[in-house]
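Take a look at the chain below.

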Amino acid sequence: GRTAHMTTDVHLLIAHQAEPQLVVSGGRIAYVTRAETRERFTQVFAGAVYQQWDFLEPPIIRLADDANIAWVISRVRVRRTKTQPDGSVAREAFTYAGLDTYEMRDGIWLKTVNVSTFEED
């Protein structure tokens with residue numbers, strides 16, 4: 001995730017996303033396809049330069065006894081600038097805290113669920 005954000009690489013970001021992925025955010029629950037995530041993050045990453053995408057504490061990682069399901073809770077501080085349509089540059093700063101679940105499918109870990117919260121800094 002960090003490398004995908006720091007390099008604004010949408011393909012890297014969705015490489016291990018399940019099809020579809022369940023997303024819980026902003027009081028909503030939705031199934032999101034890779035194509036929808038690609039479209040969203042193409043816009044999010046357009047004109048963005050990340051100065052920081054760092055864990056504020058070590059992620060909490062758990063693996064099911066049968067090793068087919070895992071989950072990760074993380075808290076990340078993000079600082080970035082984003083060029084606006086009018087050419088101005090906006091500074092954005094927020095903290096993300098979230099839960100991702102992963103399932104082992106055909107020998108590959110896929111992110112199946114993302115639950116996210118954001119706090120403006």
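Here is a short tour of this predicted model.

The model is predicted, so local features need pLDDT of at least 70 and side-chain atom pairs count only at pLDDT 80 or more, while totals for chains, interfaces and linings use all residues. Residues are numbered from 1 along each chain as its sequence is written, and side-chain values use heavy atoms, with hydrogens and water left out.

**Overall build**

- The chain holds 3 helices and 7 strands. Both kinds of element are DSSP runs, numbered from the N terminus: helices are H or I with at least four residues, strands are E with at least two.
- Read from the N terminus, the order is α-α-β-β-α-β-β-β-β-β.
- Along the principal axes, the C-alpha atoms fill a box of roughly 50 × 30 × 30 Å.
- Of the 121 residues, 29% are buried. Buried means under 20% relative accessible area, exposed means over 50%, and partly exposed lies in between (1.4 Å probe, protein chains only).
- Accessible areas come from the Shrake-Rupley method with a 1.4 Å probe; for residues, only the protein chains shown count as cover.
- Take the contacts with a separation of 6 or more: 50% of them come from residues 24 or more positions apart. A contact means heavy atoms within 4.5 Å.

**Strand pairs**

- Strands S6 and S7 run antiparallel and are joined by 12 bridges. Two strands pair if DSSP finds at least two bridges between them.
- In this pair, Thr95 stands opposite Glu119 in S7.
- S6 and S7 form a hairpin with 2 residues between them. Asp106 in the turn has a positive phi of about 50°.
- Strand S1 (residues 17-25) runs parallel to S7, with 4 bridges between them. Here Val24 stands opposite Val115 in S7.

**Charged pairs**

- Side chains of opposite charge can pair when their charged atoms come close.
- How many salt bridges does a search of the whole structure find? The count is 7. A salt bridge is a side-chain nitrogen of Lys or Arg within 4 Å of a carboxyl oxygen of Asp or Glu.
- Glu92 pairs with Arg80, with the closest N and O atoms 2.4 Å apart. This pair links distant parts of the chain, with Glu92 in strand S6 (residues 89-105) and Arg80 in strand S5 (residues 69-83), 12 residues apart.
- Glu92 is partly exposed at 24% relative accessibility, whereas Arg80 is buried at 12%.
- Asp100 and Lys111 meet in a salt bridge at 3.9 Å, N to O. Asp100 lies in strand S6 and Lys111 in strand S7 (residues 108-120), 11 residues apart. Asp100 counts as buried, at 8% relative accessibility.
- Glu103 bridges to Arg105 with N and O atoms 3.1 Å apart at the closest. Glu103 is partly exposed at 28%, and Arg105 is partly exposed at 34%.
- Salt bridges also link Arg77, Arg79 and Asp121 in a network.

**A nonpolar patch**

- Which residues make a nonpolar surface patch of about 230 Å²? They are Ile60, Trp71 and Ile73.
- Patches use residues with over 30% relative accessible area and no salt bridge; like charges are joined within 9 Å, and nonpolar side chains (Val, Leu, Ile, Met, Phe, Trp, Tyr) within 5 Å.
- Ile60 sits in strand S4 (residues 60-63). Its relative accessible area is 34%, so Ile60 is partly exposed.

- Val76 is in strand S5. Val76 is buried, at 1% relative accessibility.
- Leaving out residues up to four places away in sequence, Val76 touches Trp53, Asp54, Phe55, Leu56, Phe94, Thr95 and Tyr96.
- Val76 and Thr117 are 41 residues apart in sequence, and their C-alpha atoms are 11 Å apart in space.
- Val10 is in helix H2 (residues 10-14). Val10 counts as buried at 10% relative accessibility.
- With residues up to four places away again left out, Val10 touches Arg38, Phe41, Thr42 and Phe45.
- Val10 and Val44 are 34 residues apart along the chain, with 9.5 Å between their C-alpha atoms.
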